[in-house]
Amino acid sequence: MPPQIETDEHKALRAAVAALGAKYGRTYMTSVIAAGGHPTELWNEAGKLGYLGVNLPEEYGGGGSGIAELSIVLEELGATGSPLLMLVVSPAICGTVIARFGTEEQKRSWLPGLSDGSRLMAFGITEPDAGSNSHRITTTARRDPASGDWLLTGRKVFISGVDMADAVLIVGRTEDARTGRLKPCLFIVPTDAEGFHKRPIDMELNAAEKQFELTLDDIRLPADALVGDEDAGLLQLFAGLNPERIMTAAFAIGMGRYALSKAIEYARERTVWKAPIGAHQAIAHPLAQAHIDLELARLMMQKAAHLYDAGDDIGAGEAANMAKYAAGEACVKAVDQAVHTLGGNGLTREFGLASLITAARVARIAPVSREMILNYVSHQTLGLPKSY
């Protein structure tokens, strides 16, 4: 890592994004959720200011920086109570994959819009029967020998923001002509394509970004819908999954910081027995511990982003998994302690913390469970035998 954890430019970016987030805040986000809408105003303004595409190449309208900068954007928006979950998906996963592996035409077609927010892309990997096992993905693409088109068939589940997206970057599998085995490939699938069907999933989670199940019924795609090399699908897939884990860590850290700030404010002002409750160690120490855990998680997130932006995909993979794990745990604990600090008030709509109890669980579950990360670390880092 560089001697200075964050540059002056990073600090300036944090301050600027924090100011934008404060302009909207939790009240804006809860009103959007209540109306069943999307945070369009915040998304559009963040795009105009160059924050959405800060990680994408300058020659295609982006900021020319990296995942380190994009994670700052998401964390600071989250810390003000107005996170944009689609930052994880559209510029971080899809934008990164297209920037690294897409054709010149794909880059020109998609990256400027992903950078300024005028276009949005969702990401489809999870399937009902595959779970964390990407080798069990059953969505398949086959060539039409007459036209050279691809025919894509399958199902996806828990796909975020499909109703907002112009296209979905779908993970499918094609047959290797040499071995006959299926291999992962990535396809850009327009959401208005014939045979593309979406169904909203009824979630207890209260979020602006909705979840969908997709049915892909023999969707005909042109040959150039394939992203990158057909034989390098796994490499290309993980080029998007590492940023996803880093950005999920940023999402969790931002949420944890927001909850903690509300608890600290309450602990300073709420007075019982002639002293603010924050003067009591039973209140103060758990809040201090939550702050420490969030700061430690942020350090690992910064390490992962630094490694990824430096081109160390292997090192970034280990650090990104650890960052996502640490941030998910820290977020859940921070939210729980924040609610507990407020007592009964922590469960009221007025203070707006109770809804974060469910939201905080997302960082433990998605995009990969804490148990699968522990599996990864145990056999990849520690060299222990695999259990699966």
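Okay, housekeeping. The model is predicted, so local features need pLDDT of at least 70 and side-chain atom pairs count only at pLDDT 80 or more, while totals for chains, interfaces and linings use all residues. Residues are numbered from 1 along each chain as its sequence is written, and side-chain values use heavy atoms, with hydrogens and water left out.

Let's start with charges. Side chains of opposite charge can pair when their charged atoms come close. Searching the whole structure turns up 20 salt bridges, a salt bridge being a side-chain nitrogen of Lys or Arg within 4 Å of a carboxyl oxygen of Asp or Glu.

Take Glu-76 and Arg-257, whose side chains meet in one at 2.8 Å, N to O. That pair links distant parts of the chain, with Glu-76 in helix H3 (residues 67–79) and Arg-257 in helix H6 (residues 233–269), 181 residues apart. Helices here are DSSP runs of H or I with at least four residues, strands are E runs of at least two, and both are numbered from the N terminus. Glu-76 is buried at 5% relative accessibility, whereas Arg-257 is partly exposed at 25%. For those words, buried is under 20% relative accessible area, exposed is over 50%, and partly exposed is in between, with a 1.4 Å probe and protein chains only.

Both residues also belong to a salt-bridge network, where Glu-6, Arg-14, Glu-75, Glu-76, Arg-257, Glu-295 and Arg-298 are linked.

Next up, Glu-213 and Arg-155, with their closest N and O atoms 2.5 Å apart. Glu-213 sits in strand E7 (residues 211–221) and Arg-155 in strand E3 (residues 150–160), so this bridge ties together parts 58 residues apart in sequence. Glu-213 is buried at 11%, and Arg-155 is partly exposed at 39%.

Now, how many disulfides does a search of the whole structure find? The count is 0, where a disulfide would be a pair of cysteine sulfur atoms within 2.5 Å. For Cys-185, the closest cysteine sulfur is in Cys-94, 16 Å away, so that is too far for a bond. Cys-185 is buried, at 1% relative accessible area, and Cys-331 is buried too, at 0%.

Last thing, the surface. Ile-5, Ile-292, Leu-296 and Leu-299 make a nonpolar patch with about 360 Å² of accessible area together. Patch members have over 30% relative accessible area and no salt bridge; nonpolar side chains (Val, Leu, Ile, Met, Phe, Trp, Tyr) are joined within 5 Å, like charges within 9 Å. Areas come from Shrake-Rupley with a 1.4 Å probe, and for residues only the protein chains shown count as cover. Leu-299 lies in helix H7 (residues 281–309) and is partly exposed at 43%.
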